[in-house]
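The sequence and structure are shown first.

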Amino acid sequence: MDNKTNHTRHFIQALPKNIFSGFVVSLIALPLGLGLALASEAPPISGVIAAIAGGVVVSILGGSNVTIAGPGNGLVIVLLGAITTLGAGDVYQGYLYTLAAIIISGLLLLLLGFLKMGRLADFFPASAIQGMLAAIGIGILAKQFHVMIGKNNTRGSIVDLLIQIPNGLLDLARNPDPEILFAAGIGIMSLLVMIFYAKIRNAYFQLVPAPMWILILTIVLSYVYTFANTPYPLGDQFLIALPDNIISSWRGPDFSAWNQKEFFLAVIAITLIASIESLLSIKAIDKLDPVGRRSNVNKDLKALGLATVVSGMLGGLNVVTVIARSSVNVNNGATNRSSNFFHALFLILFILLFQSQLKRIPLAALAAILVYTGYKLATPQTFKRIAQVGWEQLVIFMATLLTTLFTNLITGIGFGILVTFILHVFLNRNLGLFLNHLRKPNILLYQETDVGNYYVSVKHFCSFLNFYKLKNKLDVIPENEDVVLDFSMCQFVDHTVLEGLGHYMGTFQKKGGNVEIIGLDILETGSLHPFAIRKTLPLSSLKPIERYFTKRQEGLKAASEGFGWTYIPERSFKKDYLNFVFFHTREIRYTYNQLVSEDKECRVLDMEFSEGEFIAKEVVKTSAMHMELDAPLPSFTLDREGLLQWLYGVAGFHDIDIPKHPDFNRRFYLLGDNPDAIREVFTDELVLFLESHPYYHIESNGKAILVLKKERLLGVQEIKSMIYFGLQLKRILHPKTVRIS
Amino acid sequence: MTTLPHPFKKVLFGFAFSPSLQLNLHEVTRLAHYFNAELVLLHVGEKTDEKKHSLKSHLEQIEFKEVPISIHWELGKPEAVILEACTRFQIDLLVLGALQHENIYQYYVGTLARKLTRKVNCSVLLLIKPSTERVPCQHIVVNGLDAPETPVAIMDAFYAAYALGAKQITIVEEIQPREIHVAVEDDKSLEQATLMKKKLKMREDQRVRKILDDLPEEFTSGVRIKMQSIFGRSGYSIGHYAEVVRADLLVMNAPENSSLLDRIFPHDIEYILSDLPTDLLIIRK
């Protein structure tokens, strides 16, 4: 009970903030709602209905925290296609048919939620989704550009519309019609407002979002004409059309087209795009959430589905989670779902109070807002960013983009997936890798019993095809834990996975945990290791490694700077100094990722060595610390019982007990050739120190100390604690070495 | 003093004249020696002078000459002959050489070794990397599934560790995701699932500890015992685990039954057979 009242108090305390952010969001949602509906050739009010239905239903039933639901820009192209094809020329009839499709897609979303299909968006390659979004942006831009310059009736496919843009501008100059010129003037001025809004640094000006400024300015302009008693130069066909009475003008959805192929396709396309857009937005907004909460995507899907059904019944468009409005919501201090609710409430107020004013909004002004939104989805920077990842990502991106532009969204994304897969097969020159291992559970997760961190090993390959399996495992790890993610048994990791893992790293870091990826910072494909040959990374990572660091290498670099050490990532074949008993039966191939102390006495390095000669050789990568000593020390090896099973039958080595430390003798194996000298080294201080840090295998060859932890590469955190351990060990050993010499 | 269990008294090795025969013979006689077992060598195929001669020269090179060996030559379909021989000779352990990575075709058709694994009525040892020199068996991984056969599998694993001188045994408790009952969807369900996992882990540890209590002390005293619970698809995850910790031998319960349906929807041991990580000992009572 106490908890509940506490909860209520928090909620009430946070209310003013949420009301405010809800208000700011509604200022964007109004123009966007009207605009997105117009862009889909639906009555403008239908976009606002979707925002209201989304705000009310999703805020009450949803599973996310700071998202905003409403009409989405991703759906414009799909809805436009549905309305024009289903209506066969009659746009209004097409709209009624589409409402029916929207309602059914809402039911499907609801079903997806119940089937826990929140994973759906994970099956799409990242670059293909980017390509699809860019195509949507270009589609919106192509159509709305003509409306913006007053040419309301330009028709055709996206590509036709794009080609007609220069023509439209020329026509404007050639046949000056005062009405069209006025509309074009408003449109271009509005576009300039959108572009330069961000550049104006005035707190009061920035209080109102750019789209709302456009509405206010254009409405004020129309009133100026009224006061001056001059007729407003724009006729009704250039202004927004709103019903005088929303309730009496209501027309319900028309289900009579249910048995048509086009209707079926529309339902599928709407559902697919609505779910992808929502799921991606929810994930993206979770990263912005100041408290770092995790959204329940399945619950949210159900709420969105229900909201879509309600919206469709009332004559509104699809309800999806929208990223731009949601991030405005977060930026204005929203803390919970109530802001979504208030955004809906303010929209209702606007519609009721400012009905006659809204009718004064020119279409060109709304089109300008949309042109800008569309451009934002496909800026030159988008292309540049994709190209930076690698040429193969650009191929995927362009293939999806062009296919979508020339055909439709579903074909586009389908082709994008196909191209991605073919590229992966081509890059690996191995189809079997994917076919044989696709269905195998390739992820192992367990908690390491000694240190308690989570260990995840990935086998075979990890790409968009099976990333969901890895996600399933990562999702069940509390985000404040340390995770070591090992790809060393994996032959191929793709861009979608690495990008997704980047998100996980961010989330874990935010909540006090840590995800470390190991086994990726492998060198070129020149290695003899059977795994290494075929291990392909996104192409950029295959270049010389000092230019393209993995996260781990960046971490190592930062760690070495923290200690004032130097970091040398390059491979080194110098290994004579690693003359330890441990390596008598193992052959070091090379070392890399070295961290060297200022006096060059201590170094931490990754190394690759092979074990065994006549049996099937095993190649192992491990991290170790090497410290040169100022004075000689007897040779010994110290291994905690059960730690590494690195025990030697080396001639002349005895099992040594330290007197008065039965616990130590039971837990550690100490071997060496000179028991007396060794007993002298193992003072009480050293024994206690070792007992409290039992994770390391320590070896002395007389001149230097080698410290090892596990038979695998260590994460950056583990390396840091190893350095700390090593330095302390050296400090404890030092006075003793002086005495022995 | 009670006598120690001695599970593998009679070992059968079905051999073919392949390039790896010499290695396999080394390995299998070594095993028979450590298990203190009688070795039955069976060849399905015609007995020619050439083959006899070749086998003889191979046998001359083996390390442990004192192992009692009987050689049998029989005609027929290899699968049926070996199955029948296992019953007739009252074999405890069938040793087979296996290819490490099956390709998809073989997987559905099934190689001889894998077919036998599924049908035979004794325990089966699949060798993936026979060697002339002894590669000491250091680390044995055994499943600790909640199944009636598990105590036997664990007992045999400890016996093998005892006989082969392994230093560590890890008992892997594979906990099925469905046992957690909570689907992780948000922070709250994650917390519940984490708690549930802890409980399950404790329950499993306790169950395994009970099995360990019943083992003869001779088996348990010389070896380090570790318990590791992993949450994942039963059968496959343990193979992956054995690969990660680079175990030398994996000991598992025999699958209960294996129909074509199982092969199309693989589960448990089928996964490991399709992707053998280490030498694999399948225990069937």
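Two residues are in contact if their C-beta atoms, placed from the backbone, lie within 7 Å. On that basis, among the contacts in chain A between residues at least 6 apart in sequence, 77% join residues at least 24 apart. The model is predicted, and the points below are grouped by topic.

**Chain A overall**

- The secondary structure of chain A consists of 27 helices and 15 strands.
- Of the 741 residues in chain A, 47% are buried.
- The domain assignment divides chain A into domain 1, covering 2-388, and domain 2, covering 566-740.
- A distance of 63 Å separates the C-alpha centres of domain 1 of chain A and domain 2 of chain A.

**Helix α4 against helix α11 in chain A**

- Helix α4 (residues 91-114) and helix α11 (residues 297-313) of chain A have axes that come within 7 Å and cross at roughly 160 degrees.
- Because angles over 145 degrees count as roughly antiparallel, α4(A) and α11(A) are roughly antiparallel to each other.
- The crossing of α4(A) and α11(A) is left-handed.
- Residues of α4(A) that make this contact include A:Leu99, A:Ile103, A:Gly106 and A:Leu110, while those of α11(A) include A:Leu301, A:Gly305, A:Thr308 and A:Val309.
- By class, the contact of α4(A) with α11(A) comprises 13 nonpolar, seven polar and two charged residues.

**Helix α4 against helix α10 in chain A**

- The axes of α4(A) and helix α10 (residues 261-288) of chain A come within 8 Å, crossing at roughly 50 degrees.
- The crossing of α4(A) and α10(A) is right-handed.
- On the α4(A) side, the contact is made by residues including A:Tyr97, A:Ala101, A:Ser105 and A:Leu108; on the α10(A) side, A:Phe263, A:Val267, A:Ile270 and A:Ala274 are among them.
- The contact of α4(A) with α10(A) has 12 nonpolar residues, four polar residues and no charged residues.
- A:Ile102, A:Ser105, A:Leu109 and A:Leu112 of α4(A) take part in the contact with α11(A) and also in the contact with α10(A).

**Position B:Pro148 in chain B**

- B:Pro148 is located in the loop between β6 (139-143) and α6 (150-164) of chain B.
- B:Pro148 has 9 other C-beta atoms within 10 Å and is therefore exposed, the cut-off for an exposed residue being 12 or fewer.
- B:Pro148 and B:Gln22 are 126 residues apart in sequence, and their C-alpha atoms are 38 Å apart in space.

How values were computed
Residues numbered from 1 in each chain as written. Chains lettered and ligands numbered in written order. Predicted model: local features only at pLDDT ≥ 70, side-chain atom pairs only at ≥ 80, totals over all residues. Domains from an automatic or database assignment. Helix = DSSP H or I, 4+ residues; strand = E, 2+ residues; numbered from the N terminus. Buried ≥ 20, exposed ≤ 12 C-beta atoms within 10 Å, placed from the backbone. Axes fitted to C-alpha atoms, helices over the stretch in contact; angles between N-to-C directions. Parallel < 35°, antiparallel > 145°, perpendicular 65-115°, else oblique. Left-handed = near helix turned anticlockwise from the far one by under 90°. Nonpolar A, V, L, I, M, F, W, Y, C, P; charged D, E, K, R; others polar.
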